[in-house]
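Thanks for coming. I will take a few minutes on one structure, and I would ask you to keep it open while I talk.

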Amino acid sequence: MGVMAMFPLGSVLLPGGVLTLHVFEPRYRALVVDCIEADDHEFAVVLIERGNEVGGGDVRREVGTVAQMVQVAELPDGRYAVVAVGTRRIRVNAWLADGPYPLADVEDWPDADPDSDGLAALVEEVASRVRRAAALASELGDPVSDQNDELSDDPLVASYQLVARAPVGDVDRYDLLAAAGPMERLTTLRDRLDDLDALLLFRLNDGER
């Protein structure tokens, strides 16, 4: 695929997800300007493993998501308000020098074609588990995603939707992004929900509010 502008963040963008950014650092303002001028209006988002979003010096994960800018507004103070949508996965082959902003040599990394046997049933099972975990987390006052939108009939798309809805942290979300395909993603999410359910029930039974 080649060299791509990179935007390391402390959160995970999934394919199909919406990303809103308020861009104020000079290097990322330059990234936005270059992406506006490019035909595809794309950059890639990767999770920061250690360090901060501001100032550089961070350690970055190797799997990310291409973000396509769909709305950009330049604010009076020179900042940019950006809305972008995750489109597809990429894998970093090599990080290049951060000038004028982070750059990497990347390749598209499509999900593996799933074995369809049992996949639809697995989607339904995991969807039920996600709703249960979200209900428990909501009872505890934790922030949860909207659970009301219909799941896609495409198991690949549904696997990413369920990751987005599950009340899991960004390290788990990254591992699920990096799963080989929807079958592995859903079975891994189901396993993570086992641990999450136990934790949420412990907090409820312990009277945490």
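Predicted model: local features only at pLDDT ≥ 70, side-chain atom pairs only at ≥ 80, totals over all residues.

Let me start with strand β6, residues 103-108. Its pairing with strand β1, residues 2-9, is antiparallel and runs over 4 bridges. To find your place, look for Ala5, which sits opposite Leu103 of β6. Strand β5, residues 80-95, is also antiparallel to β6, and here 5 bridges join the two. In that pairing, Arg91 has Glu107 in β6 as its bridge partner.

The largest pocket holds about 590 Å³ of space. Which elements give two or more residues to its lining? They are β2 (18-23), β5, α3 (155-165) and α4 (170-177). Of the contributors, α3 gives the most, with 5 residues. The lining comprises 24 residues, and those nearest the centre of the pocket are Leu14, Pro15, Gly16, Gly17 and Ala164. Sorted by class, the lining has 13 nonpolar, 5 polar and 6 charged residues.

On to the cores. The largest nonpolar core has 30 residues, and among the members touching the most others are Val126, Val130, Leu162 and Leu189. Two or more residues of this core come from each of α2 (119-139), α3, α4 and α5 (182-205). α2 supplies the largest share, 9 residues. Another core, of 20 residues, lies apart from the largest one, and its members include Leu13, Tyr28, Tyr80 and Val82.

Last, the backbone. Most residues other than glycine have a negative phi, and most peptide bonds are trans. Where is the cis peptide bond? It joins Gly99 and Pro100, with omega at about 0°.

His41 belongs to the loop between α1 (26-37) and β3 (42-50). Is His41 buried, partly exposed or exposed? Its relative accessibility is 30%, so His41 counts as partly exposed.

That is what I have; questions are welcome.

Key: Residues numbered from 1 in each chain as written. Heavy atoms only, no water. Pairing = 2+ DSSP bridges. 1 Å grid on protein atoms, 1.4 Å probe; cavity = no way out; pocket = protein on both sides within 12 Å on 5 of 7 lines; lining within 4 Å. Points joined across faces, edges and corners; volume = space filled by probe spheres on them. Nonpolar A, V, L, I, M, F, W, Y, C, P; charged D, E, K, R; others polar. Core = buried A, V, L, I, M, F, W, Y, C linked by side-chain atoms within 4.5 Å. Buried < 20%, exposed > 50% of the residue type's maximum accessible area, 1.4 Å probe, protein only.
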